[in-house]
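Subject: Two-chain model for you

Hello,

Here is the model I promised. Please open it first, then read my notes below.

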Amino acid sequence: MTAPAATAPPAPRPAHAPRAPARRRGRFGVHLFLSTVSLAFLAPLLLAVYASLRPYEETAAYGYFSLPRHLSFDYYHQAFTDSGMGRYFLNSLLIAVPGVLLTLFLASFVAFAVSRLRIRGGLVLLMLFTAGNLLPQQVIVTPLYVLFNKIPLPYWMSASLTMYDSLWAVIAVQIAFQLGFCVFVLANFMRTLPREILEAAIVDGAGVWAQYRRVTLPLCRPALAALGTLQFTWMYNDFLWGLVFLSDGDKLPVTSALNNLRGQFFTDYNLLAAGSVLVALPTIVVFLLLQRHFIAGLTLGASKG
Amino acid sequence: MPNTRARRAKRPGPRHHTRRDLAVLGVLLGIPILLDLALIWGPTLASVGLSFTTWDGIGAIHWAGLTNYDNLFTTYPQFWPAVRHNLLWLAALGLLAAPFGLLLAVLIDRGVRFSRFYQSTLYMPVVLSLAVVGFIAQLILSRDQGALNAVIGGRNPTDWLGNPGLNIWMVLLAACWRHTGYVMILYLAGLKSVDPGLKEAAALDGASERQAFFRIVLPTLRPVNVIVGVITVIESLRAFDIVYAINKGRNGLELLSVLVTDNIIGEAGRIGFGSAIAVVLLLVSLGFIVTYLVQELRGEERR
């Protein structure tokens, strides 16, 4: 990615001694500006966390920014038990985990075929997938809704006996939709890998599967980690597919379920705050733990080799 | 150039795939292609087809010609407000959030202390689901229980999300909150790959920081600018979750995506009509997608 920049040794920095005082003052201004903006960006989240820890009566009586008299996790407990959020979290995992794994597997093979095998029509394939990912979801929602209603599934796969109102529908759409992004990113990434390794493997008689699995895939580990983190966040955060393709409230992923929670607890905003924080927590944790991968995933898609 | 020619010369002649190779290729290319055609492109074409029919989703499908489009443009009261809101969305993300993200990236890239902290904080909203952003917006902006009115005080609380002249601006603020961090990260990555030698050379030639930025750095960021542009357009056409989480996209928060959803799910069942709205959305976005891909394709050929 940064190969050209890395090969050029950085020129020795010219001394800026005379300009130092002005620069220091500039620095102070920059810090003031950045910390103000950071605080403004964090404020809504902090407020939600603060509200979720206090009883509603207290906020109502003393205002949002008063000092707390009682702090407790009661609302979290309530949101979790009364609304069955555990089940919704499980649904989200049941969608996102197979979704991410299958998407990465299928996309990496397509990317491998397009960028390393030089198959005929590779560029067309790449365009087909990439463009598909850029379409607004609403363009495909209607026919999919009809289609899923027509695909029968046995009872052990779906209680509704159709693909509609089953997690399969959501998983399938997630995979199909996200394939585009992953193929695009991985194809660009694989192009930066040295061809010589692959050619040596071919000389050694490696078949297509070995070229993919043993030669190319291990080199893609950083890109796969980055994409995996990003895809998990996206699939977990998705709102529309669950909303449209599931009618049984028990099957909803947690983001869509929050919508129901709101109806249930309309009067208590502090409870709603707890629900929102709970839903946001997994992605925030993933982000804080895997920040580097997450950001790499986004920028991999944006900066071409 | 000579490099690519040499590479091409090295390319082995017609490759002989064994039967097993062909089977692997067939299955592992076949499944994703099938998925993409069946669940993305097939439905896209079907949407176009359905838009010329009157269909309620159950009965027979009747050809309607351009009736749906005619109704959409002339009599459907929510259509033009929705278009206006989508355009406003584009303007807000493109003219406010994106330049602000660039500014933040440039400041952080200058190597200030705590830059990692700033970076993570500013980026935090991006990992939140848009639905969660919608709920948090409610916590702050709701008329009777919202935090903002609690701060302002006063006897007549403002209905930030209920007043149709006001709510779209509040929602745009929330959308910008998220988009700024996204853009910032993209520019930060782009700025890191700008050859520092270029900036040094400009400084030695006596260029001010501002001149160096606009004449040297910004032009080299062209690929990032293109990406940011594409993302901004796509995001503003796709906008849905925030308004739907707030009030199902009614009362001043209409968007094209909401109108599609309203017409196809729930009791309305106007699938033909909903598809016509989807096709309008499709045509607008295809214009941008094709432009972008053509550009990518040219880059591909240059390799």
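Are A:Lys251 and A:Asp165 buried or exposed? Both are buried, where buried means under 20% relative accessible area, exposed over 50%, and partly exposed in between (1.4 Å probe, protein chains only).

First, the ground rules. This is a predicted model, in which local features need pLDDT of at least 70, side-chain atom pairs count only at pLDDT 80 or more, and totals for chains, interfaces and linings use all residues. Residues are numbered from 1 along each chain as its sequence is written, chains are lettered from A and ligands numbered from 1 in the order in which they are written, and side-chain values use heavy atoms, with hydrogens and water left out.

Chain A

Chain A has 15 helices and 0 strands. These are DSSP runs numbered from the N terminus: helices are H or I with at least four residues, strands E with at least two. Of the 305 residues in chain A, 56% are buried. Take the contacts in chain A with a separation of 6 or more: 71% of them join residues 24 or more positions apart. Contact means heavy atoms within 4.5 Å.

Salt bridges

The whole structure holds 5 salt bridges over all chains. The criterion is a side-chain nitrogen of Lys or Arg within 4 Å of a carboxyl oxygen of Asp or Glu. Side chains of opposite charge can pair when their charged atoms come close.

Back to the opening pair. A:Lys251 and A:Asp165 form a salt bridge, at 3.7 Å from N to O. A:Lys251 sits in the loop between H12 and H13 of chain A, and A:Asp165 in the loop between helix H7 (138-150) and H8, so the pair ties together parts that are 86 residues apart in sequence.

A:Arg87 forms a salt bridge with A:Asp250, with the closest N and O atoms 3.8 Å apart. Here A:Arg87 is in helix H5 of chain A, while A:Asp250 is in the loop between helix H12 (240-245) and helix H13 (254-264), so the link spans 163 residues in sequence. A:Arg87 is partly exposed at 44% relative accessible area. A:Asp250 is partly exposed too, at 37%.

A:Arg195 and A:Glu199 also form a salt bridge, with 3.2 Å between the closest N and O atoms. They are 4 residues apart in helix H9 (residues 195-203) of chain A, so about one helical turn separates them. Both A:Arg195 and A:Glu199 are buried.

Two buried asparagines

A:Asn91 lies in helix H5 (residues 85-115) of chain A. A:Asn91 is buried, at 7% relative accessible area. A polar atom of its side chain lies 2.7 Å from the backbone oxygen of A:Asp250. Beyond four places in sequence, A:Asn91 touches A:Leu167, A:Asp250, A:Lys251, A:Leu252 and A:Pro253.

B:Asn167 is in helix H8 (residues 167-192) of chain B. B:Asn167 is buried, at 0% relative accessibility. Its contacts beyond four places in sequence include B:Trp160, B:Asn251 and B:Leu253.

Nonpolar core

The largest nonpolar core has 209 residues, and the members that touch the most others are A:Met85, A:Phe109, A:Phe148, A:Trp241, A:Phe245 and B:Trp89. Such a core is a set of buried Ala, Val, Leu, Ile, Met, Phe, Trp, Tyr and Cys residues joined through side-chain atoms within 4.5 Å. Helix H8 (residues 167-191) of chain A gives the most to this core, with 19 residues.

The contact takes 100 residues from chain A and 99 residues from chain B. About 9300 Å² is buried between them, with carbon and sulfur atoms giving 74%. Buried area is the accessible area (1.4 Å probe) that two parts lose on being put together, summed over both. A:Phe41, A:Leu134 and A:Gln138 supply 8% of the area that chain A buries against chain B, more than any other three residues.

There are 0 salt bridges between chain A and chain B. There are 12 residue pairs in polar contact between the two chains, both residues at pLDDT 80 or more. A polar contact is a pair of N or O atoms within 3.5 Å; within protein, one must be able to donate a hydrogen and the other to accept it, and residues adjacent in sequence count only if both atoms are side-chain atoms. On the side of chain A that touches chain B, helix H2 (residues 20-52) gives the largest share, 15 residues.

Best wishes
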